[in-house]
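Welcome, and thanks for taking a look at this protein with us. Below you will find the model, followed by a short briefing grouped by topic.

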Amino acid sequence: MAYSPQQQELPPKAIIYIFFALGLAALAYAIILQKLIIAAIIIALPFAAIIFVYGIQSPRLIFLLYAIVDYYLTAIMRYSDKEGLSVILDILLVSLFLAILLYAAKKNTSIYFPNAINTLTISYIVWILFVFIQFLNPRNNNPDIIMVLRGWVLSMPMVYIAASLLLDKPKILKNALIVLGIFTITAFVKLLLQKYWRFDAAEIEWLRTEAWQTHLLKSGIRYFSIFSDAGNFGSHMGMIAIVYSIVSCNTSQKILRFFYISIAIMGISGLFMSGTRGAIVVPMSGLALYCLISKNFKLMSISACIGISLFAFFAFTNIGDNNALIRRMRSAFKPTEDASFNVRIENQKKIAHFLESYPLGAGIGGRIMREVKEKGQIVEKATPPDSFYVDIWMQTGFWGLSLYIAINVIILLRCCYIIMFCIRNEKLKNILAALLCGVFGMWLNGYVGRGMTMHPSGFVIICFIAFILNGVYIDKQINNVSLVNNCLLYTSDAADEARSVDL
């Protein structure tokens, strides 16, 4: 007996109806029992399915969604008052890799898999091997070690590979700068609301949990926008300031140039309003690196003059001392006179004394405990590392810190080599140099802060490095389109690509 088309469609529709009914029943059950998280998951499942279906056709869509969640994750956790929401990123990351594999199975060629093998991914394998060697450390008894390893051994390398595969086209570089600029606008708007309106209920609750001691100071309020703290926010905005300042000077489109300049101004303003003194090193060191790699005497001269002028302004003058933000920033240039700097030095001496007995460090995720007197009682508290590099030193000892810094130096030198000697397109060269300047500034800031690996700066740094290491591949695409245009072979695809090349 032959089946009609209508009869053949019945089984799939029946399955859809069954799932729909089960979903409604589960949603009603969750709402009745006040299981709001479960209800939210049930509601999100259809949207997740739709995103995954489209993600198979374009994995970069899921990567964009990952970027959005990563940028706003701290705010999501603060306003939901829920811990462990980073699992959302893990789910998106697994979905992204599944989408990439299914996309490749259809023999699509827009993802160039050799890009996944680069200095960033290979050098990180060395770090993972060292992390496994750390299991020989007798101090590895931290109960949170699994959470730390999840980031170091699984999440980070997966993000490295995904970024290397997907961030490899001129149009994507241009769009990434625009998207990051839009993210910065939202963070800046929230900063203005905090300063000129008020802190909301969730922010006040967070400040009450001892955060007020580092953010509500006599010298003024340190604003943190949607970030985890003012230190993270200030260093990130310093990176934004130097990157978009350089990019704006190498953009021919007037609207885009105005947009980039506006973002740079927001970055500088956010840096100062965060009150994070150590963050000033991000734009200044970035500017210094740009002087070295630009190979343009005019730009080098201008950059050097700006850098020297800024240093002289803060270090040798008292101009603007009536402004609390400038006065606080100026104290970064006289560290020995700063109480918090002296406390950091004392903490580092205690860590150094501990490492004399434990050269492999306190273990992955470990801490060094100390006895302090509070309210007449002796209690144990962890010695704060105060910065990322000191934290690595405390956890893994001298050899771990040395290896980590060596890996960063290798990546930095490789990126410098690509920019200085391998990129032919001048605009692309300067834009990639801008990205590297931001990364370099954040890496130097790692001695005084932790922003270089926190949300969202850690993810942004990975994306910047991926673009730079894919620079030769991007440059070839630009040159190929230019060759097509010179030969007057204007197909619609070539015309679209040519427009995207104008960064």
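Predicted model: local features only at pLDDT ≥ 70, side-chain atom pairs only at ≥ 80, totals over all residues.

Let's begin with F421, whose relative accessible area of 55% makes this residue exposed. The protein has 503 residues, of which 46% count as buried, and its secondary structure amounts to 19 helices and four strands.

**Aromatic pairs and charges over rings**

- Y417 and F421 make a tilted aromatic pair, with 5.5 Å from centre to centre and 45 degrees between the planes.
- The structure holds 22 aromatic pairs.
- Another of the pairs is formed by F398 and W399, with ring centres 5.2 Å apart; their planes stand at 75 degrees, so this pair is edge-to-face.
- F398 and W399 are both exposed.
- Ring pairs also build a cluster, which links W127, F130, W152, F388, Y389 and Y404.
- Two charged side chains sit over rings: the charged end of K195 lies over the ring of Y196, 5.6 Å from its centre, and that of R198 lies over the ring of W197, 4.4 Å from its centre.

**T396 in helix 15**

- Helix 15 spans residues 388-422, and T396 is found in it.
- Is T396 buried or exposed? With a relative accessible area of 2%, T396 is buried, because this is under the 20% cut-off.
- The side chain of T396 reaches the backbone oxygen of I392 at a distance of 2.6 Å.
- Setting aside residues up to four places away in sequence, T396 touches W127, F130, Q134, P359, L360, G361, I364 and L401.
- Among these neighbours, W127 and F130 are also members of the aromatic cluster.

**S123 in helix 5**

- S123 has its place in helix 5, which covers residues 119-133.
- A relative accessibility of 9% puts S123 among the buried residues.
- The S123 side chain reaches the backbone oxygen of L120 at 3.1 Å.
- Which residues does S123 touch, not counting those up to four places away in sequence? They are I407 and I411.

**G181 in helix 7**

- G181 is found in helix 7 (residues 170-196), and with a relative accessible area of 0% this glycine is buried.
- Leaving aside neighbours within four places in sequence, G181 is in contact with Y244, F259 and I263.
- G181 and A264 are 83 residues apart in sequence, yet their C-alpha atoms are 9.0 Å apart in space.
- For the protein as a whole, 73% of the contacts between residues at least 6 apart in sequence join residues at least 24 apart.

**Backbone features to look at**

- Most residues other than glycine have a negative phi, and most peptide bonds are trans.
- S225 has a phi near 55 degrees, a positive value in a residue other than glycine.
- The loop between strand 2 (220-221) and helix 9 (230-248) is where S225 is found, and at 1% relative accessibility S225 counts as buried.
- The peptide bond from H455 to P456 is cis, and its omega is near -5 degrees.
- P456 is found in the loop between helix 16 (426-445) and helix 17.

**Surface and confidence**

- The mean pLDDT of the protein is 82, and 82% of the residues reach 70 or more.
- Which elements have the lowest and the highest mean pLDDT? Helix 19 (residues 492-501) has the lowest, at 50, and helix 17 (residues 457-469) has the highest, at 96.
- Over residues 1-10 the pLDDT is below 50, and this stretch has two contacts in the model beyond near neighbours in sequence.
- Residues 488-495 also stay under 50 in pLDDT, and the model gives them five contacts beyond four places in sequence.

How values were computed
Residues numbered from 1 in each chain as written. Heavy atoms only, no water. Helix = DSSP H or I, 4+ residues; strand = E, 2+ residues; numbered from the N terminus. Buried < 20%, exposed > 50% of the residue type's maximum accessible area, 1.4 Å probe, protein only. Polar contact = N/O pair within 3.5 Å; in protein donor to acceptor, adjacent residues only side chain to side chain. Contact = heavy atoms within 4.5 Å. Phe/Tyr/Trp six-rings, centres within 6.5 Å; stacked < 30°, edge-to-face > 60°. Lys NZ or Arg CZ within 6 Å of the ring centre and 35° of its normal. pLDDT = per-residue confidence, 0-100.
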